Amino acid sequence: MYGHSDTIFALSSGAGRAGVAVIRLSGPRSLPVLCALLGRQNPPKPRVAVYAPIADPQNGERLDDAIALYFQAPASFTGEDVVELHVHGGRAVIEGVLECLGRQPGLRLAEPGEYSRRAFQNGKMDLTEAEGIADLIDAETTAQRRQAVRQMAGELGRLYEDWRLRLMRSLAHIEADIDFPDEDLPDGIVAVLRDDLARIGNEIGGHLADNRRGERLREGFQIVILGAPNAGKSSLLNRLARRDAAIVSDIAGTTRDTIEIHLDLGGFPVTMVDTAGLRESGDAIETEGVRRAAQRAENADLKLVVIDRSDWPRIEGEAQRLIDQNTLILVNKADLGGDDDLSVVGEMATWSGTDGQGNAVELPVLAISAMTGSGMESLLQLLETRVKEGLDFAGPVPLTRMRHRRALEDALGHLQRGLATDIAELAAEDIRLAVREIGKITGRVDVEDLLDIIFGDFCIGK
Ligand SMILES: Nc1nc2c(c(=O)[nH]1)N(C=O)[C@@H](CNc1ccc(C(=O)N[C@@H](CCC(=O)O)C(=O)O)cc1)CN2
Ligand SMILES: Nc1nc2c(ncn2[C@@H]2O[C@H](COP(=O)(O)OP(=O)(O)OP(=O)(O)O)[C@@H](O)[C@H]2O)c(=O)[nH]1
Ligand SMILES: [Mg+2]
């Protein structure tokens, strides 16, 4: 397959000034262009780094002293001839080398994800592995990195391929029965087939019923701070962010839009959202802020309802309507406290009341002071526990993308329909469709129309 495509090039390291920058070329013109830059006829040995000046072949101007590396097809990342130029990471150096490469016949700038796309098309990896690489580059916390590395190494792809192959085996038996109806299948084979198919269905069902752990680990755990105006929501956000992310004032209705910060809690990614104080207001902008707060609350993995200690234990209006099982009550301004039980900051208590659906709930309560920071350690510990419960997993790799989930749901639907019929031809067709859906996940079936979408999300140079 290699040898028939354009030669592409791009900066593969990060944009901007750096010690060293890596520019990659892939395709049939990579090696001749490298020789031209090095000003030599004989190509460097594959996989042996060469330290040498590189110069513009057109005018001989020296561009840099670089390290060059040649990977001979098919033993390269893309499966094509690949050349790497490790140059000094100055803006003008990078610009000069890229500009020079752009002038070489047969070379063009790579599109986002094009290296990985070629690697996939040349059989170096399946789609889940390519998506694992993209996730690894986007990983911001340890847990995200671990999940991405497992996927990049093919664990998810093997799981799906195993289901696909087992389905194909069952399909082959059913087809044999259809094609050779006279040669009776051995006694009991139909029952065995049914068992196998049902088992695969159960495995897929179990994989789907994972509470979206893997997907949420990629997205980050969403915690939304809610409460009446002036309760101290923005003060709490700033305390957790350790910076002045949101404006704080004693004027009720200070925050109007939602404000997000990103936290790493014990290796897990958390998005913490500050919202407008919840109240009925004549102000159109504030009303829109309250609407946005309620909207974010709906998608939250955890809600923190902040109340001023003088309001304890009353939670009313919109804040009360937004309460559900996944809610923690934070009684703020504990530094102003008297000697009631909640003046013991960091101590857990319980709030008994009704949630937005009218069900009786018992929710954990923590007294804190966003101003002095007391109670913050207990809060962080509690949040970390909740985040881990939500995202952590031991055992097989979890589902990580909506794309995979959709395909598996469809596959399971086909499989269940196949199991429900006694007509072999219909069952075979349903299983064929299930096989096809799973094949789309790894790219074993024709997925040309999917590739633009999948690889378009990658960064350039990947
Ligand atoms: N300098 C540099 N570092 C890098 C990359 C790169 O492209 N260049 N990578 C870019 O992602 C990652 C490493 N990934 C790579 C994957 C495969 C091959 C490769 O040459 N594969 C051949 C040979 C396999 C072997 O020797 O075992 C092959 O698959 O046939 C190279 C890099 C991370 N670090
Ligand atoms: N004493 C004391 N004051 C606090 C504490 N937390 C916040 N405040 C004060 O309470 C006032 C409101 O704080 P904010 O953080 O702006 O409250 P908010 O909930 O974001 O308010 P809105 O954005 O209007 O909904 C400010 O004057 C803060 O300094 C606290 O723990 N103790
Ligand atoms: Mg605020």
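Biologist: What makes Val22, Phe71, Pro74, Ala75, Ser76, Phe77, Glu84 and Lys124 the residues around ligand 1?

Modeller: A residue is near a molecule if its C-beta atom, placed from the backbone, lies within 6 Å of it, and these eight names, from Val22 to Lys124, are the residues around ligand 1. This is a predicted model, where local features need pLDDT of at least 70, side-chain atom pairs count only at pLDDT 80 or more, and totals for chains, interfaces and linings use all residues. Residues are numbered from 1 along each chain as its sequence is written, while chains are lettered from A and ligands numbered from 1 in the order in which they are written.

Biologist: How do you know how the shell around ligand 1 divides by class?

Modeller: Ala, Val, Leu, Ile, Met, Phe, Trp, Tyr, Cys and Pro count as nonpolar, Asp, Glu, Lys and Arg as charged, and the others, Gly among them, as polar. That gives 5 nonpolar, 1 polar and 2 charged residues.

Biologist: And which classes make up the shell around ligand 2?

Modeller: There the division is 8 nonpolar, 12 polar and 4 charged. Gly232, Ser234, Thr255, Gly277 and Met371 come nearest of the 24 residues.

Biologist: Why are β3 and β6 called edge strands?

Modeller: The open sheet of 6 strands runs β3-β4-β5-β2-β1-β6, with mixed pairing. β3 (50–55) and β6 (107–109) each pair on one side only, so they are the edge strands.

Biologist: What makes β1 and β6 a pair?

Modeller: Two strands pair if DSSP finds at least two bridges between them; β1 (residues 7–11) and β6 have 3, in the parallel sense, so they qualify. Strands here are DSSP runs (E, at least two residues), numbered from the N terminus.

Key:
Helices (H or I, at least four residues) and strands (E, at least two) are DSSP runs, numbered from the N terminus.
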